[in-house]
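Subject: Structure for you to look at

Hi,

Here is the structure I promised to pass on.

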Amino acid sequence: MRLYLHFLKVLCVVTFLIFSQAVIGQDARVSDSLRHYVVDSDYPLQDLFSKTEVLKEGAENATIKDILERPEEYRFTALHDSVITENSIWLRVSFYPKQSLQDRFIIFKNVIEKYRYVTPHDSILAYYVRSGHIIDSTKSGVFIPASQKSLSIANERNTFPVSLIKNTPITVYLKIYDQNKIYTQLELREVGIPFEQHNTSGWLPAFALILAVYVLAFFFYTKDRSYFYLFGFYACIAIYEQFVENNLPWIDQFFSEIPRAAVATWLILTLGSKVFFLQFGRKFTNLRSISPLWDKIVMGVIGYFLIAIAVQLCLLAYGINPLNYLQFIFAGIGFLAVLVVTIRLLFFKDTLLTYFAASSIWSFIFSITGILWENGILPFWNELNPWIIANVGLMFILALAIARKMQLSERAKSEVEKVREIDTIKSKFFANISHEFRTPLSLILGPVNQSLENIPASETIEDSTDVPVKGKHLKVMKRNALRLQNLVDQILDLSKIDQGKMKLRVTEGDIIQFVRSIVFSFESLTEIKHIHFQTHFPKNIENAYFDRDKLEKIIVNILSNAIKFTPEHGKVAVLVEDHAGSLKISITDTGNGIQKEELTHVFDRFYQTETTQDQGTGIGLALVKELVHLYRGQISVASTEEVGTTFKVLLPYHKYSFREDEIVEVNNNHPSENIDHTLLFSEADEPTTNGKEINADLPLILIVEDNPDLRHYIASQMEDDFTIIMAKDGQEGFSKAEVEIPDLIISDVMMPKMNGYELCKKLKTDLKTSHIPVILLTAKAEQSDKLEGLETGADDYLTKPFDGRELKIRAENLIQQREILRHKFSGELKIRPSQVTLSSMDERFMNQVITAIEDHMSNEFYTVEDLASHVGFSRSQLNRKLKNLTGKSPNQLIREFRLTRAKELLEQRSASISEVAYQVGYTNLSYFSKSYKEAFGMLPSDA
């Protein structure tokens, strides 16, 4: 019985123990399920925050071995904060899977910044523990190379793979280090599910990159450095956006093994973009010229950004991650400085500065909006978020700024071209007006000086001294004084019109009679030029009102031009008619006409057609146009090349066509102070020799000058010592020079058909005329003009107004210098063709002459005509050319050359006298002996 009781007692104890153990096991499993995250579904996204535990105290020095071996010392507590500001913590999360799950990973979710779903930390160590033993480990973090991570994609740097086996618990320990803040929100996530975050689908960085390439090309095209800085700014935006985007990971992959370089690049992009932006603004707006002070301030802000970049890179080099807080401090200060500067720049009234400041303020406003949106303070769209608006808006405003600058540049370029064109026209005008002034001045001062020189040196010139002046000189002086007066009046009239000081002064009178008197005053001029002059006038027009001075200037300018450009035996027609209450005047000439492209410029001030090369002031027709407009009339021109030109003027004459203040009640039917137009525009007769016979022994001078008075004056100065021939333009001058081969040419520079430079160049490059010295006369007194004349081959250069004596002396000096050249070839001709130096065209010519004579030396019938034919000259041209070069005629040259060769042969004893005579072209031995003795003073037998 006792045994039975003892067995029963033991049975009860065993049953109690078994039951109590079952209860304890059940309690333990329940308690374990409370600490574990039970995975009972395959939901792709599962939040682990509620089951995540944190170890704060001693976490910095704790190791995984310490935690596993001394759990009572390193106690984990429930996690309540999604963000911890400590530098180092341990997190633990345990899984109890009720089903197996593969292809899962754990991420650190960013619950604050909307544009970033996965948050970065400096470094993370992950340990996988099962039954108290470490079964695996991995690394992740910003400063961990991709090769040391289980998931090598650097963009997903805080991710950890995990595989769960059914009913097999596993615990993951995470040691996290970050210098700023630690995000503790863990999430179990299925691989391949896209992140819900800020996403521009890649178009924003692609768009910025395209703009960067375009602006860079623009920089190479324009050489404007501001576009290079804008390229840098756009490139920073493009690369920065690719750092932000998860779906554009190639930047991260490039730095995957150099994580610090990725951080450095991030720092350089965020602050460096502002450096490029501000530098672009300085150069683009030319801020230094607008405000040197604020330009220096902007440079100071740029310096601050560069220093901030350098400081953060130094911190990074020492292992300190300057991202987040430090970066926000540096960037915040810099961005505020940029904002202050750009707001101040808005107050400068400059278009480009306004665009630049507006783009900066736009970017700043939406950047602040983006920060507030990221931190959940301000609601906004996810797809079209503030950062996208900030960047796109900024690029759009800058594009408008570039377009505006291009517009301003084109306008400025157009204005520069217009100013340059005006300067060119003015320069040409002043050169021409100088010519127009200097020529009459030469013809006034020349006779005056000549008259003063006729007074004996012993006499003192007093105020009462009578100075004799020739009548022809007085006419020339009066004519050219009137021309000067007319030029000055035209310039003053244009000035009055520009200043609005010229007014109409119309009076009632016989307008047809007035016009007729002006037109017929040109009749004698047309007779001098042998021009057929036709006129047609209507009957009298009653009650006509007109401005005599303006009408006279209009007719005189147009009609004088028509006569001027009409050649001899041409025709000028003046048709006057009453046309619907207005006076219509048509003036037609049969000149060379005006080219089509030049026709629209004939009324432009200071403009002259290039084809005619006729020099003038270029203000006559411009004045006519201004006077016609002042008269409230109309003017037109029609022209056909090689046919002629017609000017038509339509002027009102009724009283009601004029204002009351323009009508002057003065009855004067005749022109007042009417200028003798024959004196103004006529050409003087060709100079005579005052009854003296032309002396052929005097040097021949060709005078080429388009002004007949000046031709006459120069001829009168030279005619006592020279034979004079003349030409009225360069083309005629060259033709006469070829035929006459003068000893000297005096030429004006500014002439029609062929100017003096062209004439001189053509003379010096033509074999027939290359030896002729040339003196250029010109109103162009600048050193560059003188050098241009000398470069064409001119031997001397004289500026108008010139002294007649000086011109004569210079001419004599040049002719004497030519005598020196003659001596080079005179005397006994011992030179041979092989010995002639081909340094000039004249020596080459002599080479041809000597070669021709030597080749035909034995031909007794070889004549001057044969020699001229061999060198391409006429007999007279050859005679004058050789006379100028050697002082000998062609016959003398041939004879002396033969005798010189005979002497050489006789001295060499190479042949008998008769043989030598035959060799040099003498068949008559007695004539040979006589000629030899005359040349050398001895007989051939004595040689």
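Helix H15 passes helix H17 in a left-handed crossing. This is a predicted model, by the way. H15 covers residues 548-564 and H17 covers residues 620-630; their axes come within 9 Å and cross at roughly 145°. On the H15 side the contact is made by Lys550, Lys553, Ile554, Asn557, Ile558 and Asn561. H17 contributes Gly620, Leu621, Leu623, Val624, Leu627, Val628 and Leu630. By type, the residues of this contact divide into eight nonpolar, three polar and two charged.

Leu623 also turns up in another pair: its C-alpha atom is separated by 10.0 Å from that of Ser495, 128 residues apart along the chain. Ser495 is found in helix H12, residues 471-498. Ser495 counts as partly exposed because its relative accessibility is 29%, between the cut-offs of 20% and 50%.

Then there is the sheet. Five strands form an open sheet in the order S22-S21-S23-S24-S25, with parallel pairing. Strands S22 (723-727) and S25 (796-799) stand at the edges with a single partner strand each, so one side of each is left without a neighbour in the sheet. From one strand to the next, the twist averages 20°.

Within the sheet, S21 (residues 700-704) and S23 (residues 744-748) pair in the parallel sense over four bridges, and Ile703 stands opposite Ile746 in S23. Helix H21 (residues 756-764) lies across S21, S23, S24 and S25, running at about 175° to S24.

Best wishes

Technical notes
Residues are numbered from 1 along each chain as its sequence is written. This is a predicted model: local features need pLDDT of at least 70, side-chain atom pairs count only at pLDDT 80 or more; totals for chains, interfaces and linings use all residues. Side-chain values use heavy atoms; hydrogens and water are left out. Helices (H or I, at least four residues) and strands (E, at least two) are DSSP runs, numbered from the N terminus. Buried means under 20% relative accessible area, exposed over 50%, partly exposed in between (1.4 Å probe, protein chains only). Two strands pair if DSSP finds at least two bridges between them. Axes are lines fitted to C-alpha atoms, for helices over the stretch in contact, and angles run from 0 to 180 degrees between N-to-C directions. Contact means heavy atoms within 4.5 Å. A crossing is left-handed if the near helix is turned anticlockwise from the far one by less than a right angle, and right-handed if clockwise. Ala, Val, Leu, Ile, Met, Phe, Trp, Tyr, Cys and Pro count as nonpolar, Asp, Glu, Lys and Arg as charged, and the others, Gly among them, as polar.
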